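Hello,

Here is the structure I promised to pass on. Please open it first, then read my notes below.

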Amino acid sequence: MAARARLCSLLGSVLALAALVGQVTGVKNSEDVRCKCICPPYKDHPGNIYNKNVSQKDCDCLHVVEPMTVPGPDVEAYCLRCECKYEERSSVTIKVTIIIYLSILGLLLLYMVYLTLVEPILKRRLFGHSQLIQSDEDIGDHQPFANAHDVLARSRSRANVLNKVEYAQQRWKLQVQKQRKSVFDRHVVLS
């Protein structure tokens, strides 16, 4: 079920990418290029930012600043103070990046749902309802993971992937418990 959902999500992403690539033509979108002029305050005129879709060769104060806010003789002095930059972006690249990001986020969400809903059901079927690991308060310091030996013995006898993962997880927990005990009680670091 989870594999089917992942496959559907992946196919949806591929179809969306194909639709975006199909829309791309040789002509750039008018929102992908612009000339941005930042003009500081000049005499009694306030500063302003002007944006206009013009070609790179026309990216200057005279072509972008409309309407001209200063009178005729001061236009040259006003335009010398303005800083104009030609900006170009690719909206298709931005869209594809967002789609990939959302697809990865969706896959992680599906995996989280699998871990919270499906995996506990599988564990109950494999190990039964009576096979629960006791907490540290119930066990005490002398017997950490008292029933870990039973779990390890069962996981050795079965050869499927879930049991191997469970075995590795239990072994790691035992190593961490030994490390904690040696560091906090005996102040010795294991190698």
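**Cysteines and a surface patch**

Cys82 is buried, with a relative accessible area of 12%. Keep in mind that this is a predicted model.

Cys82 pairs with Cys39 in a disulfide, the sulfur atoms 2.0 Å apart. The torsion about this S-S bond is about 115°, so the link is right-handed. It connects distant parts of the chain: Cys39 sits in strand 1, and Cys82 in the loop between helix 3 (75-81) and strand 3, 43 residues apart. Cys39 is buried too, at 2%.

The structure holds four disulfides. Counting bonded cysteines along the chain, the pattern is 1-4, 2-8, 3-7, 5-6.

Two further links are worth a look.

- Cys37 bonds to Cys84, again with sulfurs 2.0 Å apart. This link is right-handed, with 110° about the S-S bond. Cys37 lies in strand 1 and Cys84 in strand 3 (residues 83-88), so parts 47 residues apart in sequence are tied together. Cys37 is buried at 0% relative accessibility, while Cys84 is partly exposed at 25%.
- Cys35 bonds to Cys59, S to S 2.0 Å. With 75° about the S-S bond, this link is right-handed. Cys35 lies in strand 1 (residues 33-39) and Cys59 in the loop between strand 2 (48-52) and helix 2 (61-64), so the pair ties parts 24 residues apart in sequence. Cys35 is buried at 0%, and Cys59 is buried at 15%.

Now the surface. Ile94, Ile98, Tyr101, Leu102 and Leu105 make a nonpolar patch of about 500 Å². Tyr101 belongs to helix 4 (residues 91-127). Tyr101 counts as exposed, at 54% relative accessibility.

Best wishes

Notes: Residues numbered from 1 in each chain as written. Predicted model: local features only at pLDDT ≥ 70, side-chain atom pairs only at ≥ 80, totals over all residues. Heavy atoms only, no water. Patch = residues over 30% accessible without salt bridge, like charges linked within 9 Å, V, L, I, M, F, W, Y side chains within 5 Å. Areas by Shrake-Rupley, 256 points an atom, 1.4 Å probe, with all protein chains shown as cover. Salt bridge = Lys/Arg side-chain N within 4 Å of Asp/Glu carboxyl O. Helix = DSSP H or I, 4+ residues; strand = E, 2+ residues; numbered from the N terminus. Buried < 20%, exposed > 50% of the residue type's maximum accessible area, 1.4 Å probe, protein only. Disulfide = S-S within 2.5 Å.
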